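The sequence and the model are shown first, and the notes follow by topic.

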Amino acid sequence: MFYPRFVFNPAQEAEIVDAIRQFELRTSGEIRVHVEHKLRRPPVDEAKRVFEALGMTETAAHNGVLILIAPGQKAFAVIGDSGIDAVTDATFWDETAAAIRPHFADGDYVTGLTLGIRIAGEALAEHFPLRDDDRNELPDDISYA
């Protein structure tokens with residue numbers, strides 16, 4: 001069976017990447033967005049695999065956040081590394097997912113992603129403000145499977 005690959009158009013991709021860059025100007029944290037063609041495992045498990053594959057566990061403060069979407073399966077996950085997990089409530093990722101879920105359900109991935117980036121970015125900025133010696137440890141672009 002053929003599954004068309006989901007890709008954002010250039011304007012949509014630019015809007016998402018710009019949202020990532022704007023929040024990363026306020027934090028030493030790192031935010032990534034990944035689009036998965038077809039999930040082979042539950043969304044959170046796939047997000048953990050992708051998190052590792054993208055090198056997100058290698059950030060100095062362990063403060064990376066990944067939003068993984070699989071539009072063809074209407075699935076997604078939002079996860080963070082141990083550093084951000086240690087300073088946010090246990091319900092933070094579930095609440096973040098709940099905030100963006102209605103947008104994804106309507107097929108509005110750009111709004112959902114920019115909202116998720118804003119929520120994660122605000123938490124990162126609060127707990128991991130930008131340092132003088134900060135460098136961008138991970139690419140800001142959207143990765144595709």
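The model is a predicted one. Nine salt bridges are counted, and the largest pocket holds about 250 Å³ of space.

**Sheet and helices**

- Strand E1 (residues 30–35) pairs with E4 in the parallel sense, over two bridges.
- His-34 has Ser-143 in E4 as its bridge partner.

- Side chains of opposite charge can pair when their charged atoms come close.
- Arg-21 and Asp-140 form a salt bridge through their side chains, with an N to O distance of 3.4 Å.
- This pair links distant parts of the chain, the two residues being 119 residues apart: Arg-21 belongs to helix H1, while Asp-140 is in the loop between helix H5 (109–127) and E4.
- Arg-21 is partly exposed, with a relative accessible area of 46%, whereas Asp-140 is buried, with a value of 9%.

- Glu-36 and Arg-40 form a salt bridge in which the closest N and O atoms are 3.6 Å apart.
- Glu-36 is buried at 3% relative accessible area, whereas Arg-40 counts as exposed at 66%.
- A salt bridge also joins the side chains of Glu-46 and Arg-49, at 2.6 Å from N to O.
- Glu-46 and Arg-49 are separated by about one helical turn, because they are three residues apart in helix H2 (residues 43–53).
- Glu-46 has a relative accessible area of 1% and is therefore buried, while Arg-49 is partly exposed at 37%.

**The largest pocket**

- Rolling a probe the size of a water molecule over the atoms shows where empty space is left.
- About 250 Å³ of space lies in the largest pocket.
- The largest pocket is lined by 14 residues, of which Val-44, Ala-77, Val-78, Ile-79 and Trp-93 are the closest to its centre.
- H2, E3 and H4 each contribute at least two residues to the lining of the largest pocket.
- E3 gives the most to this lining, with five residues.

- Most residues other than glycine have a negative phi.
- His-62 is not a glycine, yet has a positive phi of about 50°.
- His-62 is placed in the loop between H2 and E2, and is partly exposed, with a relative accessible area of 32%.
- Lys-74 has a positive phi of about 50° although it is not a glycine.
- Lys-74 lies in the loop between E2 and E3, and counts as exposed at 74% relative accessibility.

Terms used. Residues are numbered from 1 along each chain as its sequence is written. This is a predicted model: local features need pLDDT of at least 70, side-chain atom pairs count only at pLDDT 80 or more; totals for chains, interfaces and linings use all residues. Side-chain values use heavy atoms; hydrogens and water are left out. Two strands pair if DSSP finds at least two bridges between them. Helices (H or I, at least four residues) and strands (E, at least two) are DSSP runs, numbered from the N terminus. A salt bridge is a side-chain nitrogen of Lys or Arg within 4 Å of a carboxyl oxygen of Asp or Glu. Buried means under 20% relative accessible area, exposed over 50%, partly exposed in between (1.4 Å probe, protein chains only). On a 1 Å grid over the protein atoms alone, a cavity is a set of points where a 1.4 Å probe fits but cannot get out, and a pocket is an open set with protein on both sides within 12 Å along at least five of seven lines; lining residues have an atom within 4 Å of a point. Grid points are joined across faces, edges and corners, and a volume is the space filled by probe spheres set on the points.
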